[in-house]
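I have a new chain open and a notebook beside it. Time to look a few things up and jot them down.

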Amino acid sequence: MPETDYGLRRGADGIRRAAAQIDAATPPERDRAVDALRAFAILGVVLGHWLVTALVADGGALHTASPLQHMPWLAPISWAFQTLAVFFLVGGHVATRGYTSARARGTTYGQWLTSRLSRLFKPVAVLLALWTVAATALLLRGAQFETVRTLVKLALSPMWFLLVFSALTAATPLLLRLHPLWPLAVVLHVDIVRFGLGGPDWLGWVNLAAGWLVPYTLGAAWTRGELEGRRAGWLLLGGGAVVTAVLVLWAGYPASMVGVPGASVSNLNPPTLAAVTFGLAQCGLALLLRDRLRRGMRRPPVWAAVAFVNLSAMTIFLWHQTALMATTATGLAAGRLPGLHTVPDGLGWVAARLAWLPVFVLALAVCWSAFRSFEQGPRRVGGRPSRVIRVHRRTEAAAAKEAHRA
C-alpha cells in the first residue's frame, strides 16, 4: 500500500474514532435535534452574510454593497439563509427548559442568568478589544474614517442580536407562560400604525423586542409540550408562508428578508410583520424536521460535526464577518479582485463570490483557532468541564496527531 494512502486511511480512522467517542460521551437524554437546529441556524446566518455582503473598493475606500441591490430577483437567497427565527426558537426552548431545571435543583435566578450570559459576553469582550485596537491602528496609519467606520460597523453588527437575545434570556422567568400571539399582536399593530396610518418610523423599533419574542415564546411553548404534534408544525409552516406571500405580493412589503442598502423599508432592521410571519414558517419547518434530525444525529460523524458547531457557535458567529474583512483586506494587495472588491451587479460576481467561500472558511478557521478558548473555557458542570467538552478536546488533539502523521 502506498505510504500516502496508508496515512490518509490512518487519518480517517482517527476521525472516526474521535466521532465515536464524542457520540458516546453525549448523554442519552439529550435532544440532538435541538443542537442540529441551532447549528443550521448559525451556519445559515454566516453563509447568508458571506453571500449578500460585499465590500467594494472605490479608490482608497471601502463601502458595503449587496447583490440584492442590483439583482432583486435573488431575494429567495435571503429566504434560505435568514435563519434567526430558528435560533430564537431554539434559544427560547433551551432557556425555559434550563431555567425550569435550575429552579428544581435549587439554583437561584441570579446564578442561572450569570452562567448563561457569561458564555455570551466573554467572547464579545475579546472581539470588542481587538477591534478597538484595530480601528485605532487603522486611523493612526491614515485610513479613511469612512472605511474604518464601515469595517467596525460590519464587525460589530452581530452585537444587536446578542443584546436582544440577552434581554429575552434575562426575561425568561416572565416568558415561561407567555403565548406567542401576544407579541405577534404587538408587531401587527405597530406595522398598521407605521405603514397604514403614517406613524413615525421610530415606532418600528418596538418590534425589535416584540418581533423576536414571537419565536422565543414559541420555544417556551415547545418546552411546555404544546408543539409536539405535527399539526402545530404544519399550521405554522402553512400559515406563515401564506401570510408572508400576501404581505409581499399585495401589501408592499419587501421580498428580501434581509436589509438591502438603499431600500426604503427593511424587513429585518427593525423586524416587520412579514419578517415575523416568515419566521413562523421557518419555525414550523424546523418543528416538522425534528424527528428526521434525531434519526440523522444517530450517525457519529454527523453528530460530531453538529457538536463541534455548537461548541464553537459564539466564536463562529462573532468572527465570521472579521474573516470576510480579513480576506478582503488581504486581497487588496493583488488589486480589485472579482467577487471580493467589485460591485455585485451580475451573475459573474455571484460565481466569483461562491469561489471565495472556501477562503472565507479558512480565514474563519484561523479566527476559531485563535479565539475558541474564550468560548469553550467557562463551560463547566459541577465545577469540571462537561464530559462532551473533555472528550471533544481529547479527540481533537488525537485527530491532529493522526493528521500530522498522515
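**Ground rules**

I am working from a predicted model, where local features need pLDDT of at least 70, side-chain atom pairs count only at pLDDT 80 or more, and totals for chains, interfaces and linings use all residues. I number residues from 1 along each chain as its sequence is written, and side-chain values use heavy atoms, with hydrogens and water left out.

**Whole chain**

I looked up the secondary structure and found 19 helices and four strands. Helices (H or I, at least four residues) and strands (E, at least two) are DSSP runs, numbered from the N terminus.

Next came burial: 49% of the 406 residues are buried. I note the cut-offs here: buried is under 20% relative accessible area, exposed is over 50%, and partly exposed is in between (1.4 Å probe, protein chains only).

The chain exposes about 19800 Å², with 66% of that supplied by carbon and sulfur atoms. Such areas come from the Shrake-Rupley method with a 1.4 Å probe, and for residues only the protein chains shown count as cover.

I also checked contacts (heavy atoms within 4.5 Å). Of those with a separation of 6 or more, 77% are between residues 24 or more positions apart.

Ala 33 sits in helix α2 (residues 32–52) and is buried at 0% relative accessibility.

Then I turned to Ser 166, in helix α8 (residues 159–170). Ser 166 is buried, at 7% relative accessible area. Leaving out residues up to four places away in sequence, Ser 166 touches Leu 117, Leu 120 and Phe 121.

**Salt bridges**

Side chains of opposite charge can pair when their charged atoms come close. For a salt bridge I need a side-chain nitrogen of Lys or Arg within 4 Å of a carboxyl oxygen of Asp or Glu. Searching the whole structure gave me eight.

I started with Asp 35, which pairs with Arg 30 at 2.9 Å between the closest N and O atoms. Asp 35 is buried at 4%, while Arg 30 is partly exposed at 43%. Arg 38 also bridges to Asp 35, at 3.3 Å. Arg 38 and Asp 35 are about one helical turn apart, because they are three residues apart in helix α2.

Another bridge joins Arg 290 and Glu 228 (3.7 Å, N to O). Arg 290 is in helix α14 and Glu 228 in the loop between α11 (207–223) and α12 (230–250), so the pair ties together parts 62 residues apart in sequence. Arg 290 is buried at 3%, and Glu 228 is partly exposed at 46%. Shared partners join Arg 30, Asp 35 and Arg 38 into one network of salt bridges.

**Surface patches**

Patch members have over 30% relative accessible area and no salt bridge; nonpolar side chains (Val, Leu, Ile, Met, Phe, Trp, Tyr) are joined within 5 Å, and like charges within 9 Å.

My nonpolar find is Leu 188, Ile 192, Val 193 and Leu 197, with about 340 Å² of accessible area together. Val 193 lies in helix α10 (residues 181–196) and is partly exposed at 31%.

Arg 230, Arg 292, Arg 295 and Arg 298 make a patch of positive charge. Lys and Arg count as positive and Asp and Glu as negative, with His and the chain ends not counted; each charge is placed at NZ of Lys, CZ of Arg, CG of Asp or CD of Glu. Last, I placed Arg 298 in the loop between α14 (290–296) and α15 (300–311), where Arg 298 is exposed at 62%.
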